[in-house]
2 protein chains.
Amino acid sequence: LSTAPSLSPALLIARKRDRGRLSAAEITTLIQSFMAGQLADYQMTAFLMAALLNGLDDTETTALTQAMLHSGEVLRLPSVKRYKVDKHSTGGIGDKVSICLAPILACCGVAVPMISGRGLGHTGGTLDKLEAIPGYDTKLSSSRFERVVREVGASIIGQTAEIAPADRRIYALRDVTGTVESIPLIVASILSKKLAEGIDGLVLDVKAGRGAFMKTLPDARRLATALIRIGKAAGKDVSALITDMDTPLGKTIGNALEVKEAIAIVKGEGPSDTLEVTLALGAEALRLSGVAKTAGDARRLQQRAIDSGRAAECLERMIAAHRGDPRVVANSQRLPQAKVQLEVRAPRAGRVLDIEPMQLGLIAIDLGAGRKVAEQAVDHAVGIELCCELGQAVGKGDVIATIHAQSKAIARAAAERCEAAFRIGSGAAPKRKLILRRLT
Amino acid sequence: LSTAPSLSPALLIARKRDRGRLSAAEITTLIQSFMAGQLADYQMTAFLMAALLNGLDDTETTALTQAMLHSGEVLRLPSVKRYKVDKHSTGGIGDKVSICLAPILACCGVAVPMISGRGLGHTGGTLDKLEAIPGYDTKLSSSRFERVVREVGASIIGQTAEIAPADRRIYALRDVTGTVESIPLIVASILSKKLAEGIDGLVLDVKAGRGAFMKTLPDARRLATALIRIGKAAGKDVSALITDMDTPLGKTIGNALEVKEAIAIVKGEGPSDTLEVTLALGAEALRLSGVAKTAGDARRLQQRAIDSGRAAECLERMIAAHRGDPRVVANSQRLPQAKVQLEVRAPRAGRVLDIEPMQLGLIAIDLGAGRKVAEQAVDHAVGIELCCELGQAVGKGDVIATIHAQSKAIARAAAERCEAAFRIGSGAAPKRKLILRRLT
């Protein structure tokens, strides 16, 4: 990028306010000035609001992504010779796919250098889930991260202070200024972190539905296509699946409970919906890498990794490399357990017509599984286990869910709210389609 | 106003972002939280940008004006029994009307409590002009201000720290975030300060043209009608003139030079365009107050104040009450004089077809008459004197302007640029209409 002309920040903001375009050099100047303290927070937020309302085109979004990426450390992982691929989900309720997918892919000939986030809002975070495993350390040095990726094939760590610091500062401002809901800003935020991982390819899981950030398929499609365009403009292989988040994914919500389900998946024992989404995303990764030519080939490779026990073994090695207790894979009882388990029973006989995800996500947060404010500690043991699925016939009094809580009073309150998330009635439940779109 | 519900700032910002309306209570909360330090600068600027792009309706603008007004001291001037009226101009080149109008009106039976601003950008500020008068103190206490208004009939002071502090903080943010150009925000900023003066009536001089903030008549009309609506909603008598600013007003640009012209006006000796705008605005004030029934009556009253010498005498008393040297009224030579006077001559014979105001305003700033940054001191002596007027026939080498500067080199550079502001050619100059619209 050429040196930007010396333009005052107010003029650049005013141009975006007036629906003008900023050059790549001007966007770079904006971010560099911000990080250098020459552009104030209150100028950044005015720009962000103008960008949200008047949009950023692909050139601007690419420049913003690159400027945020280069505000910090960009990993190269030169010693990892395999194709490096990551999966990123836009977030949903019960989404534990990263934890099972990483070791499965590592058994199929690709490397997975994954930098994950924590939960905030109604969705959980992979880091919080992994920390439910006793001892698991999400803060590896860059060199150790590279070694684990090279030797185990997969490593999941947290975003360090060195990765895209501009994104972290800007995201904190967006969170409190109503400027989160902008596709270009979301794209730049996601990709600036993912491009810092040193990956060759990226698979996006864009969730759509009531439990997702994008409530509708058209919105999810807009986000997915923008992520693909800007990701490809950065020289990466990218593909995306839009997957259903109108119902929680799998049978568990809450950190240790979700790890338990992810362990079950790598052992070939998990719920079919989590497995299907995991293998579909894995197939994308394997096709991007060239390891598999077709979705069928990719499926077979992954299934063999599971059936042979190699995926479970790889998960054990990944946990061990992160100083966690690998014995949780063989024995999930080693994961933290909540003091109280309280069953939620069907108030009437009928068919399960709906399981509303957002309500369940919020109950899980109130149980302590997630955060209401950024500084809050999470309780790894608590959460919700679903004991029925969409379309299933239940009798009155059948157990439809189990609340895992730290006190009977909390469990009872949660159980009452939990019941309202289930709609049980007559008639046929709508057939659930898990993979809504594939975009490349 | 009822107590606002406890809504997070981000939600209020997001509502405006999504083109929603905020209640009066919510706007009040926003400003009060801002002043209490609970709403950060970076949240305010995101709100301001959303308000600029998505608009504020009259209810919101009124609430914003009132909230900003009540962030500080609101004067009542209970001892001033006359009708209290002020004139506010949106700013232009050579606009010294406040200085001559205040004493003229004071001689016609109304009181003029005027709180003025400093110059920033291409337009001058009444305070800077008044401070060209040796000793003139623009910082009176509220009680002294009230006494001068009561005893002299007019006082012009600067905005104190106690008047509308929310406006001062918000304006400083708008200035550096591209959020100045919003009619509702401009209206709230102007009126929050004017309503603090304890006035009964307000006359607005909305300038239109190349030397004004509003370049076109439709834009000026939008601002004028918004000011009238919101001013009336605050219980004030309000009327507005849209006046020409496509050419500088009068014959002088620069602080002492403009004071000299204003003194000439109160003595019946000033240029006809400045006189016409002064008397037209004065007529509005006198009609609002009920002192005059018609524009003709108002004109006669003002002309008598000038012709009788009472207006000049009142200006002397106002200056004296502000600890300034009243002898400048009798003898303008007592005003600061620049070291160098350099004549600008017509490069060809012909008719003066255009005098471009913005260029002249910028030259005056470069001479030192105005500020490039808020902290800068102004040089009261320097400026430009125009020695011709629109439509006048000039011979080659005739003096068309005089530069007042502090060095020959600076004067020469200014003179060269100054020449380009004049277009001299053949054909008829467009007839200048000074009062473009009257709005009540």
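Contact here means heavy atoms within 4.5 Å. With that in hand, let us walk through this predicted model, in which local features need pLDDT of at least 70, side-chain atom pairs count only at pLDDT 80 or more, and totals for chains, interfaces and linings use all residues. Residues are numbered from 1 along each chain as its sequence is written, chains are lettered from A in the order in which they are written, and side-chain values use heavy atoms, leaving out hydrogens and water.

**Chain A as a whole**

In chain A, 78% of the contacts with a separation of 6 or more come from residues 24 or more positions apart. The chain holds 17 helices and 13 strands; these are DSSP runs numbered from the N terminus, with helices (H or I) of at least four residues and strands (E) of at least two. The radius of gyration of chain A is 22 Å, close to the 22 Å of the globule rule for 440 residues, so the chain is as compact as a globular protein of that length. That radius is taken over C-alpha atoms, and the rule is 2.2 Å times the number of residues to the power 0.38. Along its principal axes, the C-alpha trace of chain A spans about 70 × 45 × 40 Å. Of the 440 residues in chain A, 58% are buried (buried is under 20% relative accessible area, exposed over 50%, partly exposed in between, with a 1.4 Å probe and protein chains only).

**How the two chains meet**

Chain B is superposed on chain A by a rotation of 180 degrees with 0.1 Å of shift along its axis, at an RMSD of 0.1 Å. This is the relation of a two-fold axis. In chain B, the C-alpha nearest the axis belongs to B:Tyr42, 1.8 Å from it.

How many residues of chain B are in contact with chain A? There are 21, and they meet 21 residues of chain A. The area buried between the chains is about 1600 Å², with 71% given by carbon and sulfur atoms; buried area is the accessible area (1.4 Å probe) that two parts lose on being put together, summed over both. On the chain B side, B:Arg17, B:Tyr42 and B:Leu53 lose the most area, together 36% of what that side buries.

**A helix with a buried face**

Helix α7 of chain B (residues 142–152) has B:Phe145, B:Glu146, B:Val148, B:Val149 and B:Val152 as its buried residues. Seen down the helix axis, they fall within an arc of 165 degrees, so they line one face of α7(B). The arc is that of the directions from the helix axis to the C-beta atoms. Their cover includes α5 (97–106), β2 (112–116), β3 (154–158) and α14 (310–321) of chain B. After α7(B) comes B:Gly153, with a positive phi near 100 degrees.

Most residues other than glycine have a negative phi.

**A buried glutamate**

B:Glu284 is part of helix α12 (residues 272–289) of chain B, and at 4% relative accessibility B:Glu284 counts as buried. Leaving aside residues up to four places away in sequence, B:Glu284 touches B:Val203, B:Ser239, B:Leu241, B:Arg438 and B:Thr440.

Terms used:
Copies are superposed by least squares on the C-alpha atoms of residues with pLDDT of at least 70 in both.
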